[in-house]
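Dear colleague,

Please find the structure below, followed by a short account of what was found in it.

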Amino acid sequence: MSATVTPDTAKATKKNFLNALKEALTEEMERNPMMIIQGEDVGLLGGAFGVTEGLQEQFGTHRVVDMPISEAAIIGSAVGMALNGMTVVCEMQFIDFISCGFDQIVNNMATYHYRTAGEVNMPIVVRGPAGGYSGGALYHSQMNEAWFANSPGLQIVCPSTPSDAKGLLKAAIRSGNPTIFYEVKNLYRDSKIAEDLPEGDYLVPLGKAAIRRPGKDLTYVTYGQNVYHCLQAAETLAGQGIEAEVIDLRTLVPLDEATILESIKRTNRLVVVNEAPMTCGFAGEVVARMSDLAFEYLDAPPVRVTRLDTPVPWVEPLERYVLPSVDDIVNAGLRVAKF
Amino acid sequence: MSATTVSAKEGHKPPHQLLSKEDCLEIFKQLFLARYFDVRLIKEKKRGRLKGTLYSSHNQEAVIVGSLYGLESTDWISPIHRDMPGFFLKDAKFRWRDENRIGMSIKEVCSQVWGRSDSPGRARDNWSHIGRRSANIIHSTSMLAGTIPVAAGVAYADRMKGGNAVVVTYNGEGSTAQGVFHEAINYAAVHKLPVVTIIENNQWAYGTPTHLEYSLEDFARRADGYGIPGLVADGQDVFDVYDKVMEAVSFSRAGNGPSIVECKTFRAYGHGDHDDDRAAKYRPTQGVEEGRKRDPIAICRAKLLDWGYLSKEEAGLYMAEGKGSAQTTNEDFPPEVVEYLNEGIEFALASPVPPAEEGGKWVFKEIS
């Protein structure tokens, strides 16, 4: 994948998404004695999903901290720690619960650098399991990245592969900027996407999208688990002689406009796919920017494929009804291709 | 330790009894300085030289001065909008102008008030939201009680670095109704973090009286709910505030964890100076007159007379108490107080307004 440092493939071992995250955290904790990890059940238990398993044994209770059930305290105290020279990774047990710490994120953490005219940095990553297609119902399925994209001062990252998960998490931790880091929980233990990771220290740069499949007829722009849905859709379209390009944004803020723009110049058609609701969602932002930047290259109106403007319901048929399906993505591709 | 056990402790000597005469006179002078900052800014507004809102600390100066006086330079504080004098009184004992003290100068504070480039945050947030890391002052937001978790984090980091700082946070009684007040103090209690939460109970949260904010007689009982000490101070008596805060600070510094200190006081004027006229309508006149009667300057003066630290003649030199901004003149204050403010204001007026394009800067740290 697009590492900035060439990986030493001789030492590579296959890692799933979850282990890639753990490796990133372990390496950064070893590298920086003033870094801590805190969250609900991250220590003794090792996290609800096991991302921090074994880390408290390695780094001690004062560096892998079991917090009271209070997202406001988890994030608010991280702000104070950052103010006083520390680096903090906060785990949200589910990214849905981040709403309980909302004020500390948007009014305090996100604005600190701005308010202090650059005196204070906030090296804080708030990370957690996210996304639907998992029967998690309303409060264990969300992708709420749009809340934070609308809050200047926050980097927003959403990797789709193990090697990106590791390299982006490390880059976010070292960036000195507050970051909301979305981890697709469906991918945590997905063996189909397990990869050979380099052993060494590598970063994946923030603000750089990846082209997952090249194509000439239309561009899918997406992130998270929808990357895999778009790849399936592209496969289906290929059977009909339509070559779709699939761009994985990897980071939403900062946004890699150049890669999207270059793609549209070649394909002249744009479909943006995300599993968050449509209204004021990030897909709309991509469409708006490209309508401005790439208007003369577009041969069809850009299309969004998103969740319906509903919560995420529990039982499978209902959940699948509101979330974007591969069929939805194929149909949107056909719509722009045949416009 | 609880409110009752502290004061009842056998052979317990109140910390203020260890203060020298010079300390006591400095405290008295700092009360004048805090008061003068308040009345002078109102005068500046009336003269049309200043915009913005002053959240007056008039009549609450003993809480600010008494709580700050005993702190170490390395301690941290998080004052809020009604504690403006706290920004320049931190670590100011006998050295208001010392550029090496760990606090803010009057020049920086005035630059913030006037919205000028020499304010610590280059005037990006409004005039009561200052802070500076190198001054060990946490930057407040408008979200009440929102700095308590930050204070706890600062304390955690200080412990990680092997320090022994205490972090003192300031909050109105209205902010105790916020969820984050509970969440942060509970966290600090669990981790025994050295955070002293001062509640400046001035009886009015903007237009809402205390009985509509909480159903407690005093906050010592709420502290019991966290298993931490709760102390109650007479917020009009600078030495009682000093005693209670020093008890709490010593307890924290010894590694015993956080505490709550309620300082009972009274907001003499409106929520902000924009609200003075309306406040006269929503607050019963009798209650306001009653609340203003116990002026912290007068109470301090009486004690200094009693202790023989001031002669009758000296005590009668400056009579600022019981007067609003319009009734005071510079002659009501010690000349060094007036001079200090003059320096701050002159400096601020000479400092440029930040260039407009700075509004678009510093959203993110540049990533190289």
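How much area do domain 1 of chain A and domain 2 of chain A bury between them? The two bury about 2,200 Å², 59% of it on carbon and sulfur atoms; buried area is the accessible area (1.4 Å probe) that two parts lose on being put together, summed over both.

This is a predicted model, in which local features need pLDDT of at least 70 and side-chain atom pairs count only at pLDDT 80 or more, while totals for chains, interfaces and linings use all residues. Residues are numbered from 1 along each chain as its sequence is written, chains are lettered from A and ligands numbered from 1 in the order written, and side-chain values use heavy atoms, with hydrogens and water left out.

Domain 1 of chain A covers 13–197 and domain 2 covers 210–337, with bounds from an automatic or database domain assignment. Their C-alpha centres lie 26 Å apart. The contact (heavy atoms within 4.5 Å) takes 27 residues from domain 1 and 28 residues from domain 2.

Two salt bridges are found across this interface, a salt bridge being a side-chain nitrogen of Lys or Arg within 4 Å of a carboxyl oxygen of Asp or Glu. Arg250(A) forms a salt bridge with Asp164(A), where the closest N and O atoms are 3.0 Å apart. By class, the side of domain 1 that touches domain 2 has 15 nonpolar (Ala, Val, Leu, Ile, Met, Phe, Trp, Tyr, Cys and Pro), ten polar (the others, Gly among them) and two charged residues (Asp, Glu, Lys and Arg).
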